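Me: I would like to go through the labels attached to this model and see what each one rests on. Please set each value against its cut-off.

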Amino acid sequence: MEHHTDLIDIVAIGLGLAFVLGFLANKLKLSPLVGYLLAGIIVGPHTPGFVGDADMAVQLSEIGVMLLMFGVGLHFSLDDLMEVKWIAIPGAVVQIGAATVLGWGLAWLLGWSTIEGLMFGFCLATASTVVLLRAMEERRLLDTQRGRIAVGWLIVEDLACVLALVLLPVVAAIFKDEAGAADISLGGLFTTLGVTLLQVGAFVAIMLVVGRRVIPWMLERTAGTGSRELFTLSVLAIALGVAFGSATLFGVSFALGAFFAGMVLNGSELSHKAANDSLPLRDAFAVLFFVSVGMLFDPGIVLEHPLHVLATTFIIIFGKSVAAYLIVRAFGHPNRTALTISCSLAQIGEFAFILAGLGIALQILPQEGRDLVLAGALISIIANPLIFAGLDRWEARQTAEAERNAVPVPTPELPPGPTLEPGCHAIIVGYGRVGSQLAALLQERKVAVVVVDTSVERVQKAHQAGLPAIRGNAAAERVLAEAQPESAQIAIIAIPQALEAGEVAARLRAANPALTIFARAHSDAEVKHLIQHGADGAVIAERELAFSMVEMVMSTPVYRNWPNDFVPESASRTASH
């Protein structure tokens, strides 16, 4: 019996290849995005072997785009932008303009039309959020002034792309008639633009007035059922439903609708739970999005037009970087800050792919333009770690030279909050419900505590509680080194993920063989895993909860005089086992 399995083929083979190549890219200290794009190239029509259904991949990638934009809206922080608005807003606008002009100049040399050149240049103007945040986290810069400027800059670029999603269909309709010839009419411009803005305005008004009340109310009611499956389903239904409704009723793009759905949830008490519960599916479809982008890329352009590829890469890596460097320096920031921002922006990623795909759909970007954008993205993402490694070496040389010449070295940028006084301190990995209670109890007993957590909000809460806190994954060497485990007396791994906790325990043990390490677990198998990786002991939360409740039960009047040597049959079996 014949089965049509195009959907299964593209999902199974695409995700499988993406995993293998993404894993290899990560081992090579590259962004996994490189592996995902290469997986798409391998299963695409431009390379031999298995060829996936490109149309099916594009439809799946649309879901990926919607969930990506939902995540962008969910994590959108106006406060982060306002903190560095005086440099991030004008800096990002000028840098986007410079990159767009450079891209238009290259397109003009290639004989493209004005609208195609501007579209091409705009695709080269925005950096990848994934690549930038990873580089900043690896160097512990996110909570520094440099990191805040880079994140604020990125927020402005994201907002510019969101605005482009609204205006590009209007621009395309004005600049292209049915024959493809230029047809610019001032009256038509204002009419089309006015209709579009009215549609978008109506959608935004409904989301702010109705959505801001209805969506959190729906999530609260769903969370009250206690069903995690229903809550996850409600989050996905809201993200995809709002995106579909915005496109159907208001003519707004799927991506923009999903972005506003995330924004409405941003700041809600359930926003973090919504982000965490939707993350696995969002990541899976995001990978399919990058795979589908790779399927559309023709690697032959590297051989057929190598100079075009080099010129595109030059604009991304050098043109944008020089513009960003000059802007940051013009605002009076030190050389080190300007170079960090420049290196951060010397790449392009997910928004470039979304814009290039939209440009192709609207017929305002040629196929060669999309291939050049994808080639430039691949090269710049691969080169970004090397660029940052060069910056690290330059900073090390500057520090060494300053020490030799007895020149005062600038004080390193430290994360905000209390400073760590090393020696006989306790390290708590994870500042959630368990970790925060542990820290408070140890703090009451005058034990010096340092917290390590991946969440910005939790690190800020630790700072507010008077605790030194480090943001990042404790399994990363740089992050763990800041906690100074070599001089610590004890470490408590309070995160619920046993595999990650085992890796942290192994690194702690390697850093300080005499360190006492405790962890939390949820099963005997997890206890065994943690002890094998260096933990001295592990507490099964559910078991300790049961013991505590039994103590409460036995302290009630009914059982207060119960024989102390009585052991229930079930407890006896557990003990003997």
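Reply: The model is predicted.

Me: What makes the contact of Asp524 with Arg543 a salt bridge?
Reply: The cut-off is 4 Å between a side-chain nitrogen of Lys or Arg and a carboxyl oxygen of Asp or Glu. The closest N and O atoms of Asp524 and Arg543 are 3.1 Å apart, so the pair counts as a salt bridge. The pair links distant parts of the chain, with Asp524 in helix H22 and Arg543 in helix H23, 19 residues apart. Arg543 has 36% relative accessibility and counts as partly exposed.

Me: How many salt bridges does a search of the whole structure find?
Reply: The search finds 4 salt bridges. One of them joins the side chains of Arg146 and Glu395, at 3.1 Å from N to O. Arg146 lies in helix H8 and Glu395 in helix H17, so this pair ties together parts that are 249 residues apart in sequence.

Me: How do you know that Arg146 counts as buried?
Reply: Its relative accessibility is 6%.

Me: What makes Asp536 and Arg509 a salt bridge?
Reply: Their side chains meet at 3.0 Å, N to O, and the limit is 4 Å. The pair links distant parts of the chain: Asp536 is in the loop between H22 and strand E6, and Arg509 is in helix H21, 27 residues apart. Asp536 is partly exposed, with a relative accessible area of 45%.

Me: Why is H21 called roughly parallel to H22?
Reply: The axes of H21 and H22 come within 8 Å and cross at roughly 20°. Angles under 35 degrees count as roughly parallel, so H21 is roughly parallel to H22. Their crossing is right-handed.

Me: Why are H14 and H15 called roughly antiparallel?
Reply: Their axes also come within 8 Å, with a crossing angle of roughly 150°. Angles over 145 degrees count as roughly antiparallel, so H14 and H15 fall in that class. The crossing of H14 and H15 is right-handed. Val322, found in helix H14, is 21 residues from Cys343 in sequence and 9.7 Å from it in space, C-alpha to C-alpha.

Me: What makes the phi of Gln363 worth a remark?
Reply: Most residues other than glycine have a negative phi. The phi of Gln363 is near 60°, a positive value in a residue other than glycine. Gln363 lies in the loop between helix H16 and helix H17. Its relative accessible area is 61%, and the cut-off for exposed is over 50%, so Gln363 is exposed.

Me: Where does Gln484 lie, and what is its phi?
Reply: Gln484 lies in the loop between helix H20 and strand E4, with a positive phi of about 55°. At 24% relative accessibility, Gln484 counts as partly exposed.

Me: How do you know that helix H6 is mostly covered?
Reply: Of its 10 residues, 8 are buried. Among them are Ile115, Met119 and Phe120.

How values were computed. Residues numbered from 1 in each chain as written. Predicted model: local features only at pLDDT ≥ 70, side-chain atom pairs only at ≥ 80, totals over all residues. Heavy atoms only, no water. Buried < 20%, exposed > 50% of the residue type's maximum accessible area, 1.4 Å probe, protein only. Helix = DSSP H or I, 4+ residues; strand = E, 2+ residues; numbered from the N terminus. Axes fitted to C-alpha atoms, helices over the stretch in contact; angles between N-to-C directions. Parallel < 35°, antiparallel > 145°, perpendicular 65-115°, else oblique. Left-handed = near helix turned anticlockwise from the far one by under 90°.
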